[in-house]
Amino acid sequence: MAQKNALDSIISLAKRRGFVFQSSEIYGGLNGCWDYGPLGVELLRNVKDAWWKSMTFRDDIEGVDAAILMHPRTWEASGHVGQFTDPMIDNKTSKARHRADNLIEDYITRLRNKNKNLEADEIERRLGEVESPEDYYTIIMDAGIPDPVSGTTDWTEVRNFNLMFKTFIGPVEDTSAVVYLRPETAQGIFVNFKNVVDSSRQKIPFGIAQIGKAFRNEINTKNFLFRTREFEQMEMQYFVAPGTEAQQFEQWREIRLNWFFGLGMKPDSLRLKPHDKLAHYANAAVDIEYQFPFGWGEIEGIHSRTDFDLQRHQEYSGKKMEYVDASTNERYVPYVIETSAGASRSFMAFLCNAFSEETVTDEKGGSETRTVLRFSPRLAPVKAAVFPLVNREGMPELGEKLYKELQQNFAVQFDDKGAVGRRYRRQDEIGTPYCITVDGQSLEDGTVTVRERDSMQQQRIAISNVRHYLLDALM
Ligand code: GAP
C-alpha cells in the first residue's frame, strides 16, 4: 500500500471507530484542532498513564500540574515573547501566506528534482546562515522564488509572527491584561522548581514531570495530529549538578528511546536525530523521530538546556533559583536535561505503528482483508471482548456474567451481534488483544475459548481462570 494511502486509511479508521474526530465538525471543523472519541480518549489516557508511571514511579521524580495561564513575565523570561516566532511572507497577488523558510526549502527540493544541484546548494548554504527576517527576504528575491499559488514574485517583506495565543485576564481588554495560553508545559515546571525542592525531600539529581495541554498558533497545521494548534505534552525536567549533564543526557536519551520500544514500537520505526544547529542555551539536543507514512517526524526532543531557564527566571523574578547541596554546602543553579514528548504525536505514532492490513482466509475459504491495530496490550483501549456464540441456550447469560466480572478490572466490551467471525474483525480493528467466546461446551464444562488478536490462535480455559489469565497477559 502506498504510504500516503496508509495515512488516509488510518485517519478513516480513526474516525469510523471513534478514535479521533475533527473539532466542531458540524460547523465545518476548526483547523488544527481535533477531538478524541470514546476509543481515542482511552488510548490517549493509556499513553499518558504509561509515561506518567515510567516517570513518577521512580524515587527521583515528582509530578506537578501547573496552570495553563501563567504570569506574562514567564514568557519574557523564557524567550517566547521575543523569539517564539515563524518568519512569514505574503504574496500580494494571491494573498497567500507562507512560512519563508518552508517556501525556500520547497524551492530547493524542486531545484534538486530538476538536477539543478549547484543552485540548490548555494541557496541551502545561505539558508543555513540566516539571522534575520530580511535574510529570508533577500534569498527569496535573489533566487526569484515564485508563489506556488499565483506564480508571481510579488512579495511583501518577511515578518516574524509570534506563535503564542493571546487572551486577556479580567474584564479589561488592554495590554496590561494580556496573558498567553502556554506554548509548552516546561515553564510550569521551572517556575515551581523551588517549591518542589522546599516541599519534597528530593536532592539533586531529581526530576519534575508534567502532562498537559499546550497551544501554538501554527501556520501550517498538517498531517492529522502531527502539527496541531492545541495538543498535549509530556515533559520532564531533570535537575542536575553542573558538569554532570553530558552523562545524564546520554542516560535519558536511552531511557526515552526504550520507553517507546517497550510499548511495541517496531525496531526500525524510530531513530535518534541529533540537532544540526543547537539553540543558544543548549549544549546537546537530539530528537526521537518516528517513521510516519509521510516520512520521519519528531515525536520527542531531549535537550541539555544548561542553567539557561532557571537563570532567566532568577533574573526576571528576582527570586533565587539556587540549590544548596547539604553535604558539601555548595550552591549552584542546576543544569537541566529536558525530555519533551508530544502526547498527541505519540498517540499518532502508536496508532500508525499498530495499523496493519493483511489478507486472511475467510469462513468460506475465500480471502478477505483483516484490518488490525496491533497495540501493545498496555495501550489497547479495550482489553478484552466477550461473545456468546449464539443468543440462546444460556450462553448470553453466562457471557454477560463473565463480562460484568471482568469489567471490575478491565475495559471490556460485550458483543452478541452477527457472526462470530465478524465480531472478531470488529475487535481486531480497534486493537482488542483478547476475545472470549462462550459456546455450548462452556455450559457443560465451565470453559471458554480465548482468541489472541495477533496470532488468531485460540485456547480453552476455565471461566474461573479468565480474570487471572488476562491479568498476566496484559501486564
Ligand atoms: N519544552 C520544549 C518543547 O516544547 P518542542 O520540540 O517545541 O520542545 C516538544 O516540543 C514536543 O511537543 C514535540 O516533540 C512534539 O511531540 C510536540 N509538539 C510540538 N509542537 C506540536 C504541535 N504543533 N502539534 C503537536 N505536537 C507538537
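Helices, of at least four residues, and strands, of at least two, are DSSP runs numbered from the N terminus. With that settled, I looked up Asn115 and placed it in the loop between helix H5 (100-113) and helix H6 (117-128). I am working from a predicted model.

**Entry 1, backbone.** I noted that phi of Asn115 is near 60°, a positive value in a residue other than glycine. I then checked its accessibility: Asn115 is exposed because its relative accessible area of 63% lies over the 50% cut-off.

I found another positive phi at Ser24, where the angle is near 50° and the residue is again not glycine. Ser24 sits in the loop between strand E1 (20-22) and strand E2 (34-36). I logged Ser24 as partly exposed, at 34% relative accessibility.

I also looked at the peptide bond from Ile204 to Pro205 and recorded it as cis, with omega near 10°. Pro205 belongs to the loop between helix H9 (193-199) and strand E9 (206-215).

I read off a total of 37 salt bridges in the structure. Side chains of opposite charge can pair when their charged atoms come close. I went through some of the pairs one by one.

Glu232 pairs with Lys48, and I got 3.0 Å between the closest N and O atoms. This bridge ties together distant parts of the chain, 184 residues apart: Glu232 is in strand E10 (residues 230-240) and Lys48 is in helix H2 (residues 38-56).

Next I checked Glu300 and Arg256, whose side chains form a salt bridge at 2.8 Å, N to O. I found Glu300 buried at 0% relative accessible area and Arg256 buried at 1%.

I then took Asp60 and Arg58, where the closest N and O atoms of the salt bridge are 2.7 Å apart. Asp60 is buried, with a relative accessible area of 16%, whereas Arg58 is partly exposed at 26%.

Notes. Residues numbered from 1 in each chain as written. Predicted model: local features only at pLDDT ≥ 70, side-chain atom pairs only at ≥ 80, totals over all residues. Heavy atoms only, no water. Salt bridge = Lys/Arg side-chain N within 4 Å of Asp/Glu carboxyl O. Buried < 20%, exposed > 50% of the residue type's maximum accessible area, 1.4 Å probe, protein only.
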